[in-house]
Amino acid sequence: MSDTASFVDPVFLARFGLSRMNALDYFLHPLNPFRTSVNTSNEVLAMQGTGIGTLIQFGLNGVPLSPQAAEDEYNSALTKLNGEQYELMPPPTPDGYIKISPLYTIRHVHRTNPTTTKVLGIYYILEGVIYKSPSVRSLMKANVARTLEGLSNAFAALSKCAKYQTSSGYIWVFEENEEDEDDPVALLNLARRRKRRKILDNRKPGERTDAEEEGIRASEAIDR
């Protein structure tokens, strides 16, 4: 299944809404393509009348439980069963147990004993739409693709700044509107100025050109 696939049931959402109380029930929708085809521990508990919503309403002995206590009791019941299970991950803050959130995270695991599980997948319910968390491979592939696109754009921008002259070869033209890019004479003059700049910039400290030496001698003669 594609990493961009998703599932939503507008009928369920319109009738029951979506909260932590029924997020697992929504994920276990028969038409959800992400749910496993095997019988899960969640369905075993549902046949026994145990769910987060029923624990909040009726508790264990007819005494209603708080949302957080109901989830803790439901998770405890899951640890007593082996096989594939879906776990509703806890909210980032304690008040998330009672507030409606746009995002719920569900973890698909295979449990072999009360303390040992193997993660089979991570899913998100965002604004009522179920998505599968991307794999590490797909994340790396997307990052590499973005990097290559950036490099390609950089090379394309640089290629526009490279100009070729028969007398001096390739030169870089970064200044905007410095010279007419289509005028060969202007480009030749620009290449000469750049070449002269390079020569001057690479001079040793104290070194002068012949023109500068001549100018200094002329200035000294005038001062005399």
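**Exercise 1. Find out how much space lies in the second largest pocket, then see what lines it.**

*Solution.* Start with the volume: the second largest pocket holds about 190 Å³ of space. Keep in mind that we're working with a predicted model here.

Next, look at the lining. Arg20 is one of the residues there, and so are Met89, Pro90, Pro91 and Pro92. Gly96, Lys99, Ser101, Leu103, Tyr104 and Thr105 line this pocket too.

**Exercise 2. Work out which helices supply at least two residues each to the lining of the largest pocket, and which gives the most.**

*Solution.* Begin with the space itself, which comes to about 310 Å³.

Then go to the lining, made up of 17 residues. Asp25, Gly51, Ile52, Gly53 and Thr54 are the ones nearest the pocket's centre.

Three helices each bring at least two residues: H2 (23–27), H3 (41–47) and H4 (52–58). H4 gives the most, with four residues.

To finish, sort the lining: seven residues are nonpolar, eight polar and two charged.

**Exercise 3. Trace how S3, S4 and S5 are joined.**

*Solution.* Take S3 (residues 103–113) and S4 (residues 116–126) to begin with. They run antiparallel, and 10 bridges join them. For a spot to check by eye, find Tyr104, which stands opposite Ile125 in S4. You've met Tyr104 already, in the lining of the second largest pocket. Two residues make up the link in the hairpin from S3 to S4.

Move on to S5 (residues 129–132). It pairs with S4, again in the antiparallel sense, over four bridges. Here Tyr124 has Tyr131 in S5 as its bridge partner. This hairpin also has two residues between its strands, and Glu127 in the turn shows a positive phi of about 55 degrees.

**Exercise 4. Decide whether the ring pair of Phe12 and Tyr26 is stacked, edge-to-face or tilted, and say which helices the pair ties together.**

*Solution.* The model has six aromatic pairs. For this one, check the distance and then the angle. The ring centres of Phe12 and Tyr26 are 5.0 Å apart, inside the 6.5 Å limit for a pair.

Now place the two residues. Phe12 sits in helix H1 (residues 10–16) and Tyr26 in helix H2, so the pair ties together parts that are 14 residues apart in sequence.

Are they buried or exposed? Both Phe12 and Tyr26 are buried. Finally, widen the view: Phe7, Phe12, Phe16 and Tyr26 form one aromatic cluster.

Conventions
Residues numbered from 1 in each chain as written. Predicted model: local features only at pLDDT ≥ 70, side-chain atom pairs only at ≥ 80, totals over all residues. Heavy atoms only, no water. 1 Å grid on protein atoms, 1.4 Å probe; cavity = no way out; pocket = protein on both sides within 12 Å on 5 of 7 lines; lining within 4 Å. Points joined across faces, edges and corners; volume = space filled by probe spheres on them. Nonpolar A, V, L, I, M, F, W, Y, C, P; charged D, E, K, R; others polar. Pairing = 2+ DSSP bridges. Phe/Tyr/Trp six-rings, centres within 6.5 Å; stacked < 30°, edge-to-face > 60°. Buried < 20%, exposed > 50% of the residue type's maximum accessible area, 1.4 Å probe, protein only.
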